[in-house]
Amino acid sequence: MFHGRFGRVAVGAIAFFLWANEPTMAKKYKVVPGDPPITVDIPAAWDVTDSKRGIQASTADEEVYIWFENYKPNQFEKILDEHKKYFDEQGVKITGEPKQDEKAYTNFVIKKSDYPATYEGKPTVLRYLSVVPRSEEKRHLLVCYWASPDGDKEYADEMEKMMKSLGASIDEQ
C-alpha cells in the first residue's frame with residue numbers, strides 16, 4: 001500500500017496516532033511493604049507524590065484526591081487527627097455520622113466509612129477504607145478518598161480499576 005520512505009513515515013505516523021489515542025496505562029505503586037507488598041495501579045495521567053506513610057494521588061483537574069497510608073495499629077488515632085486537621089484547613093465540614101460497613105475475609109477485615117460532608121458549602125465525597133490484616137505483624141492500610149460529586153462520577157471507572165488492582169494485591173496476602 002505505502003512504498004519507500006513515504007510509506008515508512010506514513011506507517012509510523014499512523015502507529016503514533018493510534019498509540020497516542022489509546023487509554024493511558026497505569027503504573028504500579030507499593031502502598032504497604034512486605035513480602036509480597038500491597039500495591040495499587042494508578043492511571044499514568046494522575047499526579048502521584050510520596051507522603052509520610054505512603055502515597056497521595058490526584059487527578060490533573062484536582063477533582064479527586066486519594067491517599068494510601070500504611071501504619072501500625074497504635075498510629076491510627078494520630079492519622080485520623082492529622083486528617084481532621086487537614087480537612088478543617090481545606091474547609092471540609094463533616095455534617096453527620098458516617099455510614100459504615102465491614103466485611104471480614106480470611107486474612108483481613110475491610111472497614112468502609114462514608115462521611116456526609118461539605119466543601120465550600122456544597123456536598124463533597126469523603127470516604128475511608130481501612131484494611132486490617134488478621135496478622136499482628138503486618139501493617140494496616142488506610143485509604144482516604146476525597147472528591148467533588150462531579151469528579152466522583154467522571155473518574156468512577158478509573159477508581160474502580162484502581163480499587164480492583166488494590167483488592168487483587170490484598171488477596172495475595
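Helices and strands here are DSSP runs, numbered from the N terminus. The model is predicted. It holds 12 aromatic pairs.

**Loop position of Asp61**
- Asp61 sits in the loop between β4 (54-58) and β5.
- Its relative accessibility is 36%, so Asp61 counts as partly exposed.

**Negative patch**
- Asp61 belongs to a negative surface patch, together with Asp47, Glu62, Asp150, Glu154, Asp157 and Glu158.
- Two elements, α3 (149-154) and α4 (156-171), each give two or more residues to this patch.

**Stacked pair: Tyr65 and Trp146**
- A pair of aromatic rings is described by the distance of the centres and the angle of the planes.
- The ring centres of Tyr65 and Trp146 are 5.8 Å apart and the planes lie at 25°, so this pair is stacked.
- Tyr65 is in strand β5 (residues 64-71) and Trp146 in strand β10 (residues 140-147).
- The pair links distant parts of the chain, 81 residues apart.
- Both Tyr65 and Trp146 are buried.

**Edge-to-face pair: Trp67 and Tyr86**
- Trp67 and Tyr86 pair edge-to-face, at 5.6 Å centre to centre with 75° between the planes.
- Trp67 lies in strand β5 and Tyr86 in helix α2 (residues 76-90), so the pair ties together parts 19 residues apart in sequence.
- Trp67 has 9% relative accessibility and therefore counts as buried.
- Tyr86 has a relative accessible area of 27% and is partly exposed.

**Aromatic cluster**
- Tyr65, Trp146, Trp67 and Tyr86 are in one aromatic cluster, along with Phe87 and Tyr119.

Definitions and conventions:
Residues are numbered from 1 along each chain as its sequence is written. This is a predicted model: local features need pLDDT of at least 70, side-chain atom pairs count only at pLDDT 80 or more; totals for chains, interfaces and linings use all residues. Side-chain values use heavy atoms; hydrogens and water are left out. Rings of Phe, Tyr and Trp (its six-membered ring) pair if their centres lie within 6.5 Å; planes under 30 degrees apart count as stacked, over 60 as edge-to-face and the rest as tilted. Helices (H or I, at least four residues) and strands (E, at least two) are DSSP runs, numbered from the N terminus. Buried means under 20% relative accessible area, exposed over 50%, partly exposed in between (1.4 Å probe, protein chains only). Patches are made of residues with over 30% relative accessible area and no salt bridge: like charges are joined within 9 Å, nonpolar side chains (Val, Leu, Ile, Met, Phe, Trp, Tyr) within 5 Å. Accessible areas come from the Shrake-Rupley method with a 1.4 Å probe; for residues, only the protein chains shown count as cover. A salt bridge is a side-chain nitrogen of Lys or Arg within 4 Å of a carboxyl oxygen of Asp or Glu. Lys and Arg count as positive and Asp and Glu as negative; His and the chain ends are not counted. The place of a charge is taken as NZ of Lys, CZ of Arg, CG of Asp or CD of Glu.
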